[in-house]
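Biologist: I'm new to this one. Can you put it up and take me through some of the side-chain packing?

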Amino acid sequence: MQSFQSRRRFLAGLTATGAAGLIGAPQSSYAEPPPETTTVRLARNPNICFAPLYIAEEFLRTEGFTDIRYDVESQGFALTEMVARDEIDFATAFAGSLVYQIDAGLPIIAIGGLHIGCYELFAHDPIRSIGDLKRRRVVTQALRGSGHLYLSIIAAHVGLDPQVDIEWIEGGMEALEMFARREADAFLAFPPEPQALRARAIGRNILQTTTDRPWSDYLCCVPFTNREFARDNPVATKRVLRAFLKAADFCAADPAVAARRLVDRGYAANYDFAYEAMSEIPYTAWRDFDVEDSMRFFALRLREVGMTKLGPNELIAQGADWRFFDELKRELKM
(Lines give C-alpha, C1' and ligand atoms only; values in the text may rest on other atoms or scores of the structure.)
Protein backbone atom coordinates (compact mmCIF):
# COMPACT_ATOMS: atom_id res chain seq x y z
CA MET A 1 0.00 0.00 0.00
CA GLN A 2 2.89 2.36 0.71
CA SER A 3 4.13 1.94 -2.87
CA PHE A 4 0.65 2.80 -4.19
CA GLN A 5 0.44 5.94 -2.05
CA SER A 6 3.93 7.14 -3.00
CA ARG A 7 3.24 6.72 -6.71
CA ARG A 8 -0.06 8.53 -6.34
CA ARG A 9 1.65 11.45 -4.59
CA PHE A 10 4.30 11.56 -7.32
CA LEU A 11 1.76 11.63 -10.13
CA ALA A 12 -0.45 14.13 -8.33
CA GLY A 13 2.57 16.40 -8.01
CA LEU A 14 3.24 16.62 -11.72
CA THR A 15 2.61 20.02 -13.26
CA ALA A 16 0.11 20.60 -16.05
CA THR A 17 3.01 20.97 -18.44
CA GLY A 18 4.41 17.62 -17.38
CA ALA A 19 1.04 15.98 -17.74
CA ALA A 20 0.62 17.46 -21.18
CA GLY A 21 3.99 15.98 -22.04
CA LEU A 22 2.61 12.53 -21.37
CA ILE A 23 0.14 13.04 -24.21
CA GLY A 24 2.83 13.82 -26.73
CA ALA A 25 5.30 11.14 -25.70
CA PRO A 26 6.73 9.44 -28.82
CA GLN A 27 6.13 5.73 -29.24
CA SER A 28 9.05 4.97 -31.55
CA SER A 29 10.93 3.23 -28.73
CA TYR A 30 8.44 0.36 -28.67
CA ALA A 31 10.02 -2.52 -30.59
CA GLU A 32 6.79 -4.02 -31.84
CA PRO A 33 4.94 -4.08 -35.15
CA PRO A 34 2.14 -1.63 -35.98
CA PRO A 35 -1.43 -2.54 -34.97
CA GLU A 36 -3.25 -5.04 -37.20
CA THR A 37 -6.06 -2.49 -37.54
CA THR A 38 -5.96 1.30 -37.35
CA THR A 39 -9.60 1.53 -36.26
CA VAL A 40 -10.78 1.31 -32.66
CA ARG A 41 -14.42 1.69 -31.59
CA LEU A 42 -15.37 2.87 -28.11
CA ALA A 43 -18.65 3.91 -26.55
CA ARG A 44 -19.78 7.14 -24.95
CA ASN A 45 -21.07 6.48 -21.46
CA PRO A 46 -22.39 8.67 -18.62
CA ASN A 47 -20.12 6.97 -16.07
CA ILE A 48 -17.19 9.38 -15.82
CA CYS A 49 -15.03 7.02 -13.79
CA PHE A 50 -14.34 5.60 -17.27
CA ALA A 51 -12.43 8.83 -17.97
CA PRO A 52 -9.18 7.12 -19.10
CA LEU A 53 -11.02 5.75 -22.15
CA TYR A 54 -12.09 9.25 -23.18
CA ILE A 55 -8.74 10.87 -22.34
CA ALA A 56 -7.00 8.10 -24.31
CA GLU A 57 -7.76 9.52 -27.76
CA GLU A 58 -4.39 11.29 -28.15
CA PHE A 59 -2.53 8.29 -26.78
CA LEU A 60 -4.35 6.02 -29.23
CA ARG A 61 -3.18 8.20 -32.11
CA THR A 62 0.45 7.91 -31.00
CA GLU A 63 -0.11 4.13 -30.90
CA GLY A 64 -0.94 4.11 -34.61
CA PHE A 65 -4.74 4.31 -34.60
CA THR A 66 -6.09 6.79 -37.14
CA ASP A 67 -9.82 6.01 -36.99
CA ILE A 68 -10.88 6.39 -33.36
CA ARG A 69 -14.65 6.25 -32.95
CA TYR A 70 -16.67 7.36 -29.94
CA ASP A 71 -19.88 7.35 -31.91
CA VAL A 72 -21.94 4.76 -30.01
CA GLU A 73 -24.07 5.80 -27.04
CA SER A 74 -24.28 3.31 -24.19
CA GLN A 75 -25.64 2.85 -20.72
CA GLY A 76 -23.15 1.27 -18.34
CA PHE A 77 -25.02 -2.01 -18.00
CA ALA A 78 -25.00 -2.56 -21.80
CA LEU A 79 -21.26 -2.38 -22.42
CA THR A 80 -20.55 -6.08 -22.01
CA GLU A 81 -23.29 -6.98 -24.48
CA MET A 82 -22.06 -4.37 -26.97
CA VAL A 83 -18.53 -5.77 -26.91
CA ALA A 84 -19.85 -9.33 -27.17
CA ARG A 85 -21.95 -8.35 -30.21
CA ASP A 86 -18.92 -6.69 -31.88
CA GLU A 87 -20.57 -3.24 -31.80
CA ILE A 88 -17.55 -1.76 -30.02
CA ASP A 89 -14.03 -3.11 -29.55
CA PHE A 90 -13.12 -2.17 -25.98
CA ALA A 91 -14.78 -0.97 -22.79
CA THR A 92 -14.31 -1.07 -19.04
CA ALA A 93 -16.72 -2.46 -16.46
CA PHE A 94 -16.99 -3.44 -12.83
CA ALA A 95 -14.99 -6.64 -12.37
CA GLY A 96 -18.04 -8.38 -10.91
CA SER A 97 -20.07 -7.56 -14.01
CA LEU A 98 -17.42 -9.19 -16.18
CA VAL A 99 -17.44 -12.26 -13.94
CA TYR A 100 -21.23 -12.47 -14.22
CA GLN A 101 -21.25 -12.11 -18.02
CA ILE A 102 -18.36 -14.51 -18.58
CA ASP A 103 -20.22 -17.05 -16.44
CA ALA A 104 -23.26 -16.44 -18.68
CA GLY A 105 -21.18 -17.33 -21.74
CA LEU A 106 -20.48 -13.94 -23.33
CA PRO A 107 -17.35 -14.07 -25.55
CA ILE A 108 -15.46 -11.33 -23.70
CA ILE A 109 -12.10 -11.32 -21.94
CA ALA A 110 -10.67 -9.09 -19.24
CA ILE A 111 -7.26 -7.73 -20.25
CA GLY A 112 -6.12 -5.57 -17.32
CA GLY A 113 -7.13 -3.37 -14.41
CA LEU A 114 -7.56 0.39 -13.94
CA HIS A 115 -8.62 1.66 -10.53
CA ILE A 116 -10.21 0.79 -7.21
CA GLY A 117 -13.43 2.21 -5.87
CA CYS A 118 -15.80 4.88 -7.27
CA TYR A 119 -19.13 3.39 -6.11
CA GLU A 120 -20.81 5.03 -3.09
CA LEU A 121 -23.89 3.88 -1.23
CA PHE A 122 -26.45 6.54 -0.27
CA ALA A 123 -29.48 5.99 1.95
CA HIS A 124 -32.28 7.97 3.55
CA ASP A 125 -32.86 8.12 7.30
CA PRO A 126 -33.15 6.07 9.40
CA ILE A 127 -30.72 3.79 7.48
CA ARG A 128 -27.19 4.15 8.83
CA SER A 129 -25.53 0.85 7.95
CA ILE A 130 -25.58 -1.92 5.36
CA GLY A 131 -27.47 -4.15 7.79
CA ASP A 132 -30.28 -1.59 7.93
CA LEU A 133 -31.09 -2.39 4.28
CA LYS A 134 -33.07 -5.44 5.40
CA ARG A 135 -36.67 -5.14 4.18
CA ARG A 136 -35.83 -1.85 2.45
CA ARG A 137 -36.31 -0.70 -1.14
CA VAL A 138 -33.09 -0.32 -3.13
CA VAL A 139 -33.15 1.22 -6.60
CA THR A 140 -30.63 0.16 -9.23
CA GLN A 141 -30.18 1.00 -12.89
CA ALA A 142 -30.65 -2.60 -14.01
CA LEU A 143 -31.17 -5.95 -12.34
CA ARG A 144 -28.00 -7.96 -12.87
CA GLY A 145 -26.27 -4.68 -13.75
CA SER A 146 -23.09 -3.59 -11.97
CA GLY A 147 -24.85 -1.72 -9.14
CA HIS A 148 -27.16 -4.64 -8.40
CA LEU A 149 -24.31 -7.17 -8.46
CA TYR A 150 -21.98 -5.06 -6.34
CA LEU A 151 -24.54 -4.18 -3.68
CA SER A 152 -25.68 -7.80 -3.53
CA ILE A 153 -22.12 -8.80 -2.64
CA ILE A 154 -21.85 -5.97 -0.10
CA ALA A 155 -25.15 -6.95 1.54
CA ALA A 156 -24.13 -10.62 1.75
CA HIS A 157 -20.86 -9.56 3.40
CA VAL A 158 -22.81 -8.37 6.47
CA GLY A 159 -25.10 -11.42 6.58
CA LEU A 160 -28.07 -10.33 4.46
CA ASP A 161 -29.57 -12.49 1.73
CA PRO A 162 -29.73 -9.99 -1.16
CA GLN A 163 -32.31 -12.04 -3.03
CA VAL A 164 -34.67 -12.26 -0.04
CA ASP A 165 -33.94 -9.41 2.37
CA ILE A 166 -33.91 -6.51 -0.12
CA GLU A 167 -36.71 -5.19 -2.32
CA TRP A 168 -34.99 -4.28 -5.59
CA ILE A 169 -36.40 -1.61 -7.91
CA GLU A 170 -35.15 -1.36 -11.50
CA GLY A 171 -34.98 2.35 -12.31
CA GLY A 172 -32.86 2.64 -15.46
CA MET A 173 -31.47 6.13 -15.96
CA GLU A 174 -34.13 7.46 -13.56
CA ALA A 175 -32.62 5.57 -10.62
CA LEU A 176 -31.02 8.61 -9.04
CA GLU A 177 -34.17 10.72 -9.30
CA MET A 178 -36.28 7.89 -7.90
CA PHE A 179 -33.98 7.85 -4.88
CA ALA A 180 -34.16 11.65 -4.66
CA ARG A 181 -37.97 11.46 -4.63
CA ARG A 182 -37.79 8.85 -1.82
CA GLU A 183 -39.32 6.18 -4.00
CA ALA A 184 -36.42 4.05 -2.78
CA ASP A 185 -34.53 3.90 0.50
CA ALA A 186 -31.03 3.37 -0.87
CA PHE A 187 -29.02 3.73 -4.07
CA LEU A 188 -25.50 2.63 -5.07
CA ALA A 189 -24.19 5.55 -7.11
CA PHE A 190 -21.25 5.91 -9.50
CA PRO A 191 -19.66 9.15 -10.78
CA PRO A 192 -21.04 11.70 -11.39
CA GLU A 193 -24.00 10.54 -9.28
CA PRO A 194 -22.29 10.68 -5.84
CA GLN A 195 -21.10 14.20 -6.59
CA ALA A 196 -24.60 15.25 -7.65
CA LEU A 197 -26.20 13.74 -4.53
CA ARG A 198 -23.74 15.51 -2.25
CA ALA A 199 -24.28 18.83 -4.04
CA ARG A 200 -28.05 18.46 -3.61
CA ALA A 201 -27.73 17.24 -0.01
CA ILE A 202 -29.75 14.12 -0.78
CA GLY A 203 -29.40 11.10 1.47
CA ARG A 204 -26.60 9.92 3.71
CA ASN A 205 -23.37 8.37 2.45
CA ILE A 206 -22.91 5.06 4.29
CA LEU A 207 -20.21 3.37 2.19
CA GLN A 208 -17.39 4.40 -0.17
CA THR A 209 -15.74 1.57 -2.08
CA THR A 210 -12.67 3.77 -2.65
CA THR A 211 -11.83 3.86 1.05
CA ASP A 212 -13.92 1.24 2.89
CA ARG A 213 -12.50 -2.26 3.23
CA PRO A 214 -12.61 -4.90 1.94
CA TRP A 215 -13.87 -3.15 -1.22
CA SER A 216 -10.94 -0.73 -1.37
CA ASP A 217 -8.54 -3.71 -1.54
CA TYR A 218 -9.66 -4.74 -5.02
CA LEU A 219 -9.65 -3.23 -8.49
CA CYS A 220 -13.12 -2.20 -9.56
CA CYS A 221 -12.97 -1.16 -13.22
CA VAL A 222 -11.42 -3.64 -15.64
CA PRO A 223 -10.79 -3.11 -19.39
CA PHE A 224 -12.09 -5.88 -21.62
CA THR A 225 -12.54 -6.75 -25.27
CA ASN A 226 -14.11 -9.33 -27.53
CA ARG A 227 -12.31 -12.67 -27.35
CA GLU A 228 -12.07 -12.90 -31.14
CA PHE A 229 -10.72 -9.36 -31.46
CA ALA A 230 -7.89 -10.07 -28.99
CA ARG A 231 -7.05 -13.32 -30.77
CA ASP A 232 -6.92 -11.72 -34.21
CA ASN A 233 -5.35 -8.39 -33.16
CA PRO A 234 -2.85 -8.98 -30.36
CA VAL A 235 -0.64 -5.98 -31.19
CA ALA A 236 -3.63 -3.65 -31.43
CA THR A 237 -4.97 -5.00 -28.14
CA LYS A 238 -1.71 -4.29 -26.34
CA ARG A 239 -1.44 -0.83 -27.87
CA VAL A 240 -5.01 0.08 -26.89
CA LEU A 241 -4.42 -1.10 -23.34
CA ARG A 242 -1.20 0.91 -23.17
CA ALA A 243 -3.13 4.01 -24.23
CA PHE A 244 -5.72 3.37 -21.48
CA LEU A 245 -3.04 2.97 -18.80
CA LYS A 246 -1.21 6.12 -19.84
CA ALA A 247 -4.51 7.97 -19.86
CA ALA A 248 -5.18 6.73 -16.32
CA ASP A 249 -1.83 8.15 -15.25
CA PHE A 250 -2.76 11.41 -16.95
CA CYS A 251 -6.03 11.61 -14.98
CA ALA A 252 -4.07 11.16 -11.76
CA ALA A 253 -1.35 13.61 -12.77
CA ASP A 254 -3.67 16.49 -13.63
CA PRO A 255 -7.31 15.94 -12.62
CA ALA A 256 -8.16 19.56 -13.47
CA VAL A 257 -7.10 19.17 -17.09
CA ALA A 258 -8.69 15.72 -17.32
CA ALA A 259 -11.98 17.10 -15.98
CA ARG A 260 -11.90 20.01 -18.43
CA ARG A 261 -11.37 17.63 -21.33
CA LEU A 262 -14.32 15.51 -20.24
CA VAL A 263 -16.56 18.58 -20.21
CA ASP A 264 -15.22 20.11 -23.42
CA ARG A 265 -15.74 16.86 -25.31
CA GLY A 266 -19.22 16.27 -23.96
CA TYR A 267 -18.48 13.29 -21.70
CA ALA A 268 -19.38 15.24 -18.56
CA ALA A 269 -21.86 18.05 -18.02
CA ASN A 270 -20.53 19.52 -14.79
CA TYR A 271 -16.86 20.49 -14.38
CA ASP A 272 -16.96 20.53 -10.57
CA PHE A 273 -18.40 17.02 -10.43
CA ALA A 274 -15.84 15.77 -12.95
CA TYR A 275 -12.94 17.39 -11.10
CA GLU A 276 -14.09 15.93 -7.79
CA ALA A 277 -14.28 12.45 -9.32
CA MET A 278 -10.90 12.77 -11.07
CA SER A 279 -9.31 13.91 -7.79
CA GLU A 280 -10.77 11.12 -5.66
CA ILE A 281 -10.50 8.03 -7.87
CA PRO A 282 -7.09 6.28 -7.50
CA TYR A 283 -6.22 6.08 -11.18
CA THR A 284 -2.70 4.77 -10.55
CA ALA A 285 -3.98 1.70 -8.68
CA TRP A 286 -3.40 -0.44 -11.79
CA ARG A 287 0.32 -0.35 -11.01
CA ASP A 288 0.09 -1.97 -7.58
CA PHE A 289 -3.12 -3.98 -7.30
CA ASP A 290 -3.48 -7.57 -8.56
CA VAL A 291 -6.24 -7.70 -11.16
CA GLU A 292 -6.49 -11.50 -11.06
CA ASP A 293 -6.89 -11.39 -7.29
CA SER A 294 -9.69 -8.87 -7.76
CA MET A 295 -11.48 -11.01 -10.34
CA ARG A 296 -11.11 -14.04 -8.08
CA PHE A 297 -12.53 -12.12 -5.10
CA PHE A 298 -15.65 -11.01 -6.98
CA ALA A 299 -16.07 -14.43 -8.59
CA LEU A 300 -16.12 -16.09 -5.17
CA ARG A 301 -18.54 -13.52 -3.73
CA LEU A 302 -20.99 -13.81 -6.65
CA ARG A 303 -20.94 -17.59 -6.46
CA GLU A 304 -21.67 -17.40 -2.73
CA VAL A 305 -24.84 -15.38 -3.37
CA GLY A 306 -25.95 -17.77 -6.12
CA MET A 307 -25.48 -15.40 -9.05
CA THR A 308 -22.80 -17.43 -10.87
CA LYS A 309 -22.06 -21.12 -11.25
CA LEU A 310 -18.45 -21.40 -12.41
CA GLY A 311 -15.55 -21.40 -9.97
CA PRO A 312 -13.00 -18.57 -10.09
CA ASN A 313 -10.27 -20.65 -11.73
CA GLU A 314 -12.56 -21.68 -14.58
CA LEU A 315 -13.89 -18.13 -15.00
CA ILE A 316 -10.40 -16.63 -15.18
CA ALA A 317 -9.16 -19.32 -17.57
CA GLN A 318 -12.16 -18.75 -19.81
CA GLY A 319 -12.50 -14.97 -19.58
CA ALA A 320 -9.15 -13.32 -18.88
CA ASP A 321 -5.85 -12.80 -20.68
CA TRP A 322 -3.25 -10.94 -18.61
CA ARG A 323 -0.27 -11.25 -20.96
CA PHE A 324 -0.66 -7.72 -22.38
CA PHE A 325 -1.19 -6.22 -18.93
CA ASP A 326 1.79 -8.04 -17.42
CA GLU A 327 4.05 -6.86 -20.25
CA LEU A 328 2.87 -3.27 -19.90
CA LYS A 329 3.29 -3.19 -16.12
CA ARG A 330 6.94 -4.09 -16.64
CA GLU A 331 7.33 -1.70 -19.55
CA LEU A 332 5.68 1.29 -17.86
CA LYS A 333 7.16 0.70 -14.41
CA MET A 334 8.21 3.99 -12.79
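Modeller: The structure holds 19 aromatic pairs. Rings of Phe, Tyr and Trp (its six-membered ring) pair if their centres lie within 6.5 Å; planes under 30 degrees apart are stacked, over 60 edge-to-face, the rest tilted. Tyrosine 271 and tyrosine 275 make a stacked pair, 6.1 Å centre to centre with 15° between the planes.

Modeller: This is a predicted model: local features need pLDDT of at least 70, side-chain atom pairs count only at pLDDT 80 or more, and totals for chains, interfaces and linings use all residues. Residues are numbered from 1 along each chain as its sequence is written, and side-chain values use heavy atoms, leaving out hydrogens and water.

Biologist: Where do tyrosine 271 and tyrosine 275 lie?

Modeller: Both are in helix 13 (residues 271–280), four residues apart, about one turn of the helix. Helices are DSSP runs (H or I, at least four residues) and strands too (E, at least two), numbered from the N terminus.

Biologist: Which residues form one aromatic cluster?

Modeller: Phe94, Tyr119, Tyr150, Phe190, Trp215, Tyr218, Phe297 and Phe298.

Biologist: New topic. Which residues of helix 15 are buried?

Modeller: In helix 15 (residues 312–319), they are Pro312, Leu315, Ile316 and Gly319. Seen down the axis, these buried residues fall within an arc of 95°, so they line one face of the helix. The arc is that of the directions from the helix axis to the C-beta atoms. Buried means under 20% relative accessible area, exposed over 50%, partly exposed in between (1.4 Å probe, protein chains only).

Biologist: And what is exposed on the other side of helix 15?

Modeller: Asn313 and Ala317.
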